[in-house]
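Subject: Structure handover

Hello,

Here is the structure I said I would pass on. My notes on it follow below.

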Amino acid sequence: MSIAEVDDIGQGWAGEDADAEERRRLEKTWKVPSNPLRAWFTNVDHKDLGKRYVVTALVFFVLGGIEAFLMRLQLARPESRLIGPDRYGQLFTVHGSTMMFLFAVPIMLGLGTYLVPLMIGTRNLAFPRLNAFSYWVYLAGGLLLYVGLFTNTGPDAGWFAYVPLSGPGFSPGKRVDIWAQMITFTEISSLAVAVNLITTIFKHRAPGMSLNRIPLYVWSLLVTSFMVVFAMPAVMLSSLMLAMDRLVDTHFFNPAEGGDALLWQHLFWFFGHPEVYIIFIPALGIVSSILSAFTRREVFGYLAMVMSLVATGFIGFGLWVHHMFATGLPQLGTSFFTAASMMIAIPSGIQIFCWTATLWGSRPRLKTPLLYVLGFFFIFVIGGLTGVMLASVPLDLQVHDTFFVVAHFHYVLIGGSVFPLLGGLFFWFPKMTGRRLSEGMGKLSFWLVFIGFNLTFFPMHQLGLDGMPRRIYTYLPETGWGTLNLLATVGAGILGLGLLVFFVNAAQALRHGEAAGNDPWGADTLEWAIASPPPSYNFLRLPTVAGRSALWSRREDQAEVTGLRSDRREVLVTNLLDAEPDHRDVLPGPTIWPFILGLGVAVTFITAIFTPWGVLIGAVPCAVALVAWFWPRGDMDREVVMEKRS
Amino acid sequence: MSRRADLDVSGLPSVVYGPRASLWWGVVGIMAIEGTMFAILAASYFYLRGGAVEWPPTDVRHPGLGITTFGLAILLASILPMHWAAKAAEREDLKGIRLWLIVSTVLMVAFLVVRGLVMRSLTFRWDSHAYGSLVWTAAGLHTVHVVTGTCENLLFLALLDRGPVEDKHMLDLRLNSLYWYFVALSWVVFYCIFFLDPGLLKMR
Amino acid sequence: MSGISAAACLLLFAGHPPAHSALASAGPQAARIESLWWLFFWVCSAVFLLVMAALAVGLVRDRTPEEAGAAPGPIPPEARRRRTRVVAVATAITALILFVFLFASTGTGRAIASLSRSDRSDAMTVEVTGHQWWWEVQYIDPVPGQRVTTANEIHIPVGRPVRIRTASHDVIHSFWVPSLHGKRDLIPGHDSEDFWLQADRPGVYRGQCAEFCGHQHAHMAFLVIADPPDRFAAWLDAQRQPAATPATPQALRGQDLFVHLQCALCHAVEGTDAGGRVGPDLTHVASRRTLAAATLPNTRGHLSDWIVDSQRIKPGNPMPPTRLAGEDLESILAYLESLK
Ligand code: HEA
Ligand code: HEA
Ligand code: CUA
Ligand SMILES: [Cu+2]
């Protein structure tokens with residue numbers, strides 16, 4: 001059966017009239033408040049929140065990008081006096097923190113909250129209110145950081161804020177406190193999203209979507225979510241310790257009183273290394289989605305791909321010391337971490353090989369999303385290989401903390417994550433907005449970004465080997481670093497231009513883009529079987545699935561789920577392994593309390609910067625919000641339990 | 001349009017318990033997160049202990065094996081009524097739930113009192129040294145959990161009083177108990193680490 | 001595309017690096033790392049080219065006959081078997097290469113460590129202490145009076161292993177001379193293991209702090225000057241002398257000002273009352289090549305600029321600007337310039 005025959009899932013099943021009736025009921029039940037202000041604060045729809053995540057994260061991306069460009073301007077020539085040391089310190093710290101905590105992780109998880117329920121065939125995430133709460137806390141963290149930056153209290157101790165520099169003795173003022181609390185906000189948010197995604201993926205899949213049929217994109221988010229659950233507590237705890245060292249004079253990191261500066265590094269990198277894979281693994285899922293759509297094949301080696309994702313997730317927890325080779329740890333220990341760091345190249349390699357095998361002789365359509373994926377191959381492989389170089393202790397001792405490392409991580413972060421992300425945004429834009437982007441502008445943006453990127457970051461390898469440390473606000477002419485730095489700055493301009501074209505393309509398409517239709521690319525996952533943009537309830541009738549590529553393997557008489565009530569927000573819960581129908585859950589509708597709770601959390605952590613009593617002050621609104629959140633509103637039509645008279 | 005088969009789910013229940021329920025996964029997720037946090041705190045303790053010249057520092061005195069063990073015993077004892085409350089929820093026995101929630105809440109408050117006494121008797125503060133920071137932070141974080149657990153119990157009691165009590169609350173109650181087991185048991189680890197530390201036992 | 005990049009690699013990596021480059025090694029430690037680098041570089045380049053070539057060929061190849069015109073879905077079983085074999089072989093080769101890398105890397109690590117365990121009696125010990133944002137350098141000598149303290153300049157004899165003992169006075173710094181060795185972090189509260197350097201050729205090797213340590217991390221460089229043994233011995237001998245008594249009245253007046261203005265609170269000059277330890281030891285400041293952690297050449301003009309307002313040169317550094325009448329400034333300059 002060809003793709004053209006796949007129509008709206010659920011469409012026409014029971015005859016036009018019955019369908020229209022069902023549609024009306026679902027629309028009423030799953031309605032987003034029509035007053036925009038109310039909708040903004042009470043919405044719990046995963047698609048609206050997902051889009052909000054993506055847009056917010058892109059705003060932070062632009063801010064972080066502007067900071068990067070300012071740094072590049074300052075570094076373009078030796079002894080430039082454009083930006084002083086204090087400003088520069090804030091710029092690279094806020095750039096790094098923004099890109100990691102406010103852009104990369106939230107956009108990946110946010111896109112996940114948009115796509116996962118669609119791909120697995122359900123109506124919302126398992127915990128819709130928690131999802132709204134996650135967004136508010138994330139937004140609070142982002143605003144806090146930028147209020148700090150614009151009031152000249154931007155953190156300035158680097159994105160990993162090593163003590164003692166970030167401690168009370170050497171960073172007086174509130175700058176680092178703002179950083180530590182921003183971390184707390186974004187981690188709470190990511191942890192909540194992770195739990196939400198895990199539960200949704202485990203329990204809310206369409207009947208028939210057994211574990212071995214989950215789309216690779218969904219697998220990638222599952223692995224990512226597990227990594228979040230086990231990695232982020234480390235940074236929550238360490239940022240708490242740092243804040244307490246600064247605010248209430250604890251001594252966790254103070255060697256004079258039995259603390260240890262290296263403890264910070266261990267805790268931070270125990271989180272920090274998995275963090276980079278948290279950014280990277282969802283991108284691998286995007287690559288798989290795009291590849292299968294454009295090659296019109298299932299990705300080669302499903303099992304190997306899944307095992308590689310899982311292996312990367314596991315090994316990712318055993319590498320953190322490779323960020324600390326220069327601290328002079330014992331050689332035996334460091335060899336272990338070298339071995340582990342190199343081992344992780346094997347699952348990455350397997351995935352590259354499987355994708356190559358997928359592409360092999362597929363005569364793919366070279367549309368913009370696929371171009372970004374091809375760009376990903378080129379850049380990520382370079383970045384991965386420089387990673388393997390860094391994993392070698394002797395080599396790392398030379399290039400650690402130099403621009404070589406800056407080059408490595410932009411190759412993997414931008415090549416490995418941002419390229420697939422841009423491709424993915426291009427790919428799913430029609431689904432999210434109902435409009436198609438212009439291919440011409442898409443290709444133009446790709447080439448500008450690709451060339452600009454390499455021009456910016458390739459020379460940095462050489463700069464690092466030539467002795468240029470990172471995080472320096474200027475350098476002397478005698479060092480000979482001027483030419484390559486100028487080249488990098490020019491490249492950053494081209495890169496920025498390419499991104500500008502990307503955004504202009506999106507803005508134009510929003511206004512007068514061609515209508516997308518359900519399935520503009522002929523792709524294989526469930527989201528393509530429904531309208532673009534999807535209705536608030538997603539599927540008229542929940543689908544069932546007969547194979548890995550839900551749409552390509554769809555039979556003419558593929559069963560659909562009936563019997564769910566449409567007068568309350570009912571969803572089907574299935575069992576973990578085989579996704580057999582298990583029970584019907586009722587999801588909550590729009591509510592203000594997640595927002596109030598987010599506000600309470602914000603009050604707690606922000607006042608805590610100024611007084612320890614903040615924790616108690618903030619506890620009040622939090623408690624009120626939690627009680628209200630929990631208290632039954634009787635709108636779910638649940639059964640009431642009566643006191644038994646005995 | 002061809003006629004499709006259907007998969008009628010109207011007969012399925014809408015409240016189930018244990019790993020079948022979505023919320024169970026949510027609560028287990030939170031336990032995994034907080035468990036990881038506690039584990040990392042414990043690891044930090046051993047890391048600092050390993051690098052220390054003297055551990056615990058000389059001004060530290062054991063707050064007393066008796067009172068700390070007594071506190072732990074109360075905490076562990078509170079698991080039982082919580083378990084019975086969960087059992088009662090299984091039977092939808094509101095009276096039983098109320099009874100066992102009250103009993104366990106009393107135990108929780110008693111534990112908090114003992115916790116307060118122990119903390120007051122400590123010879124050091126969080127700002128005395130890294131050892132003090134660790135003990136106070138672990139105890140503080142754990143106390144926050146106990147207080148939260150107590151408040152949750154009070155909330156359920158209020159709900160039982162005011163109603164309407166829905167079938168879904170039976171699941172909530174059972175998960176509330178599950179979470180409490182976690183809170184209570186996690187202190188066993190810190191109790192062993194702190195109060196059975198051979199170095200500290202010598203300092204009585 | 002890949003051809004261009006390979007050309008770019010060659011162009012970039014095979015240039016003439018200055019004397020602070022990991023690819024211009026001048027000592028056994030750095031030389032070992034450099035050869036390890038080239039191994040990694042060539043193997044990784046080959047891997048990259050192969051992967052790109054496979055991708056390019058895969059892109060232009062036609063669909064297999066059994067697949068042409070087929071509906072979207074899984075790759076046909078026959079093709080799948082062939083590809084599984086290829087992927088497995090590629091994975092095996094990857095593992096093999098990684099083993100080679102691991103082996104070479106630990107081998108190099110061991111070789112460098114064995115250079116360090118050198119128990120040659122002629123090894124000498126230099127203590128390097130990082131300060132925000134300069135380097136204190138002390139030559140250890142069993143005879144207390146023979147200790148030499150200087151700043152931002154480490155003289156070593158060519159061909160002799162030198163033991164570097166690092167410490168930090170405030171935050172984490174990182175000691176790095178790319179042409180001689182990799183880096184070592186200076187972490188407060190952690191006495192580091194000894195760290196060994198050796199220069200095989202006379203020369204001036206630039207080093208720089210590599211761990212972000214605050215505002216002036218960018219201006220925390222230093223020089224390692226490797227001299228033939230006799231010149232080194234002469235240097236060390238000169239450094240052991242206390243400061244010469246100023247010969248001119250102007251310099252003498254400068255000394256007086258120096259000791260009685262706030263300078264002496266922070267700076268030490270052996271043989272005078274100035275004993276401050278906050279800033280660099282100035283006993284032989286005039287013999288040094290640079291000022292302010294290899295930021296300025298040591299000339300009268302720069303010295304003057306520095307004293308009048310060091311904040312314009314290194315904003316945020318601890319030394320305050322000093323308002324000095326023209327004559328006083330001239331005297332202090334004369335005095336400092338006499339401290340050969
Ligand atoms: C998306 C994020 C991402 C990814 C995917 C990676 C991937 C890898 N990284 Fe990277 N890394 C970062 C983000 C990332 N890194 C960041 C942000 C930092 C710096 C933080 C900071 O200091 O600010 C960093 C720093 C960093 C360091 C510390 C450097 C230092 O500070 O001194 C090291 C050291 O080992 C390292 C190693 C690796 C390795 C071995 C991989 C591997 O996973 C790569 C594996 C992939 C491949 C190897 C390519 C594909 C494989 C093949 C084609 C098969 C054939 C290959 C061979 C035969 C080798 N990384
Ligand atoms: C996902 C993560 C991510 C991303 C996407 C980027 C993107 C970029 N980064 Fe970033 N970077 C980091 C993560 C990231 N970085 C981290 C973690 C650090 C370490 C921080 C630390 O040391 O603490 C770092 C550090 C870092 C440094 C080193 C600073 C130093 O050590 O002194 C530099 C220097 O060149 C740099 C440059 C850039 C540039 C030019 C981009 C570009 O790709 C940005 C492109 C984006 C835009 C330009 C914005 C969007 C475009 C428009 C709105 C169009 C109009 C704009 C123009 C025409 C300019 N980055
Ligand atoms: Cu010292 Cu950077
Ligand atoms: Cu890492």
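How are α7(A) and α8(A) oriented to each other, roughly parallel or roughly antiparallel? Please keep in mind that this is a predicted model. Helix α7 (residues 216-247) of chain A and helix α8 (residues 261-295) of chain A have axes that come within 8 Å and cross at roughly 160°. Angles over 145 degrees count as roughly antiparallel, and α7(A) and α8(A) are therefore roughly antiparallel to each other. The crossing of α7(A) past α8(A) is left-handed. Sorted by class, the residues in this contact are 23 nonpolar, seven polar and one charged.

On the side of α8(A), the contact is made by A:F280, A:L284, A:V287, A:I290, A:L291 and A:F294. On the side of α12(A), A:P369, A:L370, A:V373, A:F376, A:F377 and A:F380 take part. By class, the contact of α8(A) with α12(A) has 12 nonpolar residues, with no polar and no charged ones.

Next, the metals. Three histidines coordinate the copper ion (ligand 4): A:H273 through ND1, A:H322 through NE2 and A:H323 through NE2, at 1.8 to 2.0 Å. Along the chain, the donors of the copper ion (ligand 4) follow the spacing H-x48-H-H. A:H273 lies in helix α8 of chain A, while A:H322 lies in the loop between α9 (302-315) and α10 (331-343) of chain A, so the pair ties together parts that are 49 residues apart in sequence.

The iron atom of ligand 1 has A:H408 (NE2) as its only protein donor, at 2.2 Å. A:H408 is placed in helix α14 (residues 403-433) of chain A. Between the copper ion (ligand 4) and the iron atom of ligand 1 the distance is 4.6 Å.

A:N131 lies in helix α5 (residues 128-150) of chain A and is buried, with a relative accessible area of 1%. Leaving aside residues up to four places away in sequence, A:N131 touches A:H46, A:L49, A:Y53, A:T113, A:L125 and A:N196. A:P543 is found in the loop between α16 (482-512) and β1 (560-562) of chain A. A:P543 counts as buried, at 0% relative accessibility. In sequence A:P543 and A:G208 are 335 residues apart, and in space they are 9.2 Å apart, C-alpha to C-alpha.

Last, the chains. Of the two pairs of chains in contact, A and C share the most contacts. Chain B and chain C do not touch, and their nearest C-alpha atoms are 10 Å apart.

Regards

Note on methods
Residues numbered from 1 in each chain as written. Chains lettered and ligands numbered in written order. Predicted model: local features only at pLDDT ≥ 70, side-chain atom pairs only at ≥ 80, totals over all residues. Heavy atoms only, no water. Axes fitted to C-alpha atoms, helices over the stretch in contact; angles between N-to-C directions. Helix = DSSP H or I, 4+ residues; strand = E, 2+ residues; numbered from the N terminus. Parallel < 35°, antiparallel > 145°, perpendicular 65-115°, else oblique. Left-handed = near helix turned anticlockwise from the far one by under 90°. Nonpolar A, V, L, I, M, F, W, Y, C, P; charged D, E, K, R; others polar. Donors = N, O, S within 2.8 Å, 3.2 Å for Na, K, Ca; no water. Contact = heavy atoms within 4.5 Å. Buried < 20%, exposed > 50% of the residue type's maximum accessible area, 1.4 Å probe, protein only.
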